[in-house]
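Please look over the chain shown here with its sequence alongside.

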Amino acid sequence: MREETAAPLRRTAQCGALTRRDTGREVVLAGWVHRRRDHGNLIFIDLRDRSGLCQVVLRPEESAEAHAAARDVRSEYVLAVAGVVVPRDEANVNPGIPTGEIEVVARRLEVLNRSEVPPFPLDEQEAAASEDLRLKYRFLDLRRRPLLKALTLRHAIALETRKYLDEQGYLELETPMLTRSTPEGARDYVVPSRVHPGSIYALPQSPQLFKQLFMIAGYEKYFQIARCFRDEDLRADRQPEFTQIDIEASFVEPEDIYALVEGLMRRIFQAAGHAFPDGIPRMSYRDAIDRFGTDAPDVRFGLEIRDLTPLAAGSGFPVFEKAVEAGGVVRGIAAPGCARYSRRELDELTEHARRFGASGLVVFKRQDGAVHSPAIKHLGEARAAALMDRLEAAEGSLALVVAGPKESAAKSLGALRLEMARREGLRREGVWALLWVHAFPMFELRPEDRSVTPCHHPFTSPVPEDLPLLETDPLAVRARAYDLVLNGWELGGGSIRIHQESIQKRIFSVLKLTPEQAEEKFGFFLQALRFGAPPHGGIALGLDRTVALLTHSPSLRDVIAFPKTTSATCLMTGSPSAFEPEQLEELHLSLRRPVQPK
């Protein structure tokens with residue numbers, strides 16, 4: 001006679017979904033062993049799936065077979081458990097988890113798969129391993145709750161974005177991943193073509209030209225959650241491949257984009273469970289640089305930069321006099337309550353300012369009704385007090401003053417402002433400060449050769465009244481560009497675009513592109529502009545950075561499923577990797593090995 005075998009267990013409930021209302025219910029759970037606690041006749045297993053945890057109790061009197069099987073179970077084994085939901089004793093209720101009022105008494109346990117011992121603990125909120133180890137075993141790191149929560153929120157934000165933009169009449173349209181190389185501010189990742197020997201495709205740095213072509217084609221409202229690629233030096237807030245919420249519309253002004261994005265951000269904040277701030281204030285680029293030293297200011301706190309140049313001129317203090325005579329500035333910030341800082345702390349601040357371009361730091365303190373500074377012997381008490389008054393430095397305040405070129409003074413004071421905020425705990429989590437920064441310069445000078453280059457990209461429209469300056473004073477031309485900033489991080493940027501071929505050609509001329517070069521690089525786009533291009537504009541918002549900020553994640557790697565390291569490598573898959581000779585031959589490529597240092 002053939003033996004009867006039990007049918008495989010099939011899941012009927014999720015671990016994190018059971019509550020006291022399920023008491024008495026027969027369930028089958030399936031998931032991973034989060035923790036196991038063996039008390040002899042009583043074995044507890046915290047079983048985990050995507051929905052959360054549930055405590056499973058195994059007793060020999062309920063099922064000797066299941067109890068015996070549980071003795072061999074280890075962390076990260078995959079189990080199926082059949083049992084009944086019962087309420088926990090009041091003394092054992094765990095208010096820290098949604099299933100803390102119940103447990104499942106197991107009557108059958110099936111080991112679906114075993115696991116090796118994980119290289120790091122997966123049951124801790126904080127990572128207990130180096131980031132390199134976590135990235136090597138990313139498939140295990142993704143089981144940790146913080147990453148699951150971040151990626152679940154990422155899904156919710158993407159879903160809410162699609163719903164909101166659909167309600168506003170936008171079409172989700174795709175653009176090519178294999179295209180031609182066009183200059184957009186960073187190096188392209190390239191893909192060799194097998195069928196066109198010697199030619200390459202470029203992976204898109206953004207869908208910029210294609211979304212403009214959608215506008216020229218008459219689609220009027222486009223969006224895409226787009227993958228983008230940039231070969232640039234990386235840091236915590238950059239990845240070689242990233243995702244942006246890409247939006248473009250016809251017949252719009254900046255105010256239309258502001259209103260659209262404000263509505264979208266409200267929905268995104270709601271999806272993340274955060275209160276949306278009342279309105280988004282505006283600030284010009286020039287104000288942002290002058291007051292905060294950066295075009296992406298964190299306005300959750302003060303410590304604003306003040307100009308001391310008129311008071312410093314003719315002061316007799318050589319450091320100030322030299323800077324003013326050279327056409328530079330004297331500027332500073334005041335930190336309330338920080339006159340207590342020690343000599344060592346002030347030396348650290350001086351070194352911090354030097355790292356960002358300052359030649360040094362002049363320090364003032366207001367204590368015991370007087371101003372104290374090594375510079376007083378040159379300035380005199382009256383002028384030093386006037387400087388402190390200009391900085392609004394009250395009793396107990398520390399003033400940090402920089403003298404030098406305008407750009408380096410802004411950069412170093414902006415960095416000092418953030419450093420003081422870090423030391424004093426002013427950048428508070430849970431406080432959200434959104435800001436529109438607008439009226440950017442159209443062009444800037446490239447540091448390496450002082451040539452003119454676009455601040456955003458060459459398809460940004462100049463402010464109409466600045467058009468006469470294009471050829472005579474291009475650095476004075478303002479762009480119809482805008483950035484959205486959250487807590488000192490640029491969430492995204494956009495602009496009203498050029499829709500007239502004549503203006504686009506003038507921009508190319510300012511950038512020293514000959515008509516032949518412009519035609520070679522952008523001929524298809526210039527041709528499209530000749531066929532009734534409408535006025536249009538848009539914005540691209542960083543999805544990765546938005547999720548990172550709303551989850552208080554210190555790195556984009558914490559909100560991307562399979563990220564790269566700061567050297568653009570994947571420790572899990574070992575990419576980039578070498579090509580086989582046969583592959584290179586098929587692509588008509590040869591690789592030159594780097595010269596090894598002697």
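R545 touches D237, W489, E490, L491 and L556, where contact means heavy atoms within 4.5 Å and residues up to four places away in sequence are not counted. The model is predicted, so local features need pLDDT of at least 70 and side-chain atom pairs count only at pLDDT 80 or more, whereas totals for chains, interfaces and linings use all residues. Residues are numbered from 1 along each chain as its sequence is written, and side-chain values use heavy atoms, with hydrogens and water left out.

**Around R545**

- R545 lies in helix α16, residues 543-550; helices (H or I, at least four residues) and strands (E, at least two) are DSSP runs numbered from the N terminus.
- R545 has a relative accessible area of 18% and is therefore buried, given that buried means under 20% relative accessible area, exposed over 50% and partly exposed in between, with a 1.4 Å probe and protein chains only.
- The side chain of R545 comes to 2.8 Å from the backbone oxygen of E490, a residue that is also listed among the contacts of R545.

**The sheet and its helices**

- Eight strands make up an open sheet of mixed pairing, in the order β6-β9-β10-β22-β21-β20-β17-β11; two strands pair if DSSP finds at least two bridges between them.
- Because β6 (171-172) and β11 (282-284) stand at the edges with a single partner strand each, one side of each has no neighbour in the sheet.
- β11 runs parallel to β17 (residues 434-438) and is joined to it by three bridges, and M283 has V437 as its bridge partner in β17.
- Helix α4 (residues 145-167) packs on the sheet, where it touches β6, β9 and β10, and its direction makes about 150° with that of β9.
- Helix α5 also packs on the sheet, touching β9, β10 and β22, with its direction at about 20° to that of β10; axes are lines fitted to C-alpha atoms, for helices over the stretch in contact, and angles run from 0 to 180 degrees between N-to-C directions.
- In α5 (residues 208-216), seven of the nine residues are buried, among them L209, F214 and M215.
- The buried residues of α5 pack against β9 (221-229), β10 (241-250), α15 (515-529) and β22 (536-542).

**Salt bridges**

- The count comes to 54 salt bridges, each defined as a side-chain nitrogen of Lys or Arg within 4 Å of a carboxyl oxygen of Asp or Glu.
- R267 and E167 form a salt bridge whose closest N and O atoms are 3.1 Å apart; R267 lies in helix α6 (residues 254-272) and E167 in helix α4, so the pair ties together parts that are 100 residues apart in sequence.
- R267 counts as buried because its relative accessibility is 19%.
- R180 and E520 meet through their side chains in a salt bridge at 3.4 Å, N to O, and this pair links the loop between β6 and β7 (190-192) to helix α15, 340 residues apart.
- Of these two partners, R180 is partly exposed at 37% relative accessibility, while E520 is exposed with a relative accessible area of 52%.
- A network of salt bridges links R134, R138, D141, R144 and D558.

**The whole protein**

- The protein has 17 helices and 22 strands, and buried residues make up 48% of its 598 residues.
- Among contacts with a separation of 6 or more, 68% are between residues 24 or more positions apart.

How values were computed. Polar contact = N/O pair within 3.5 Å; in protein donor to acceptor, adjacent residues only side chain to side chain.
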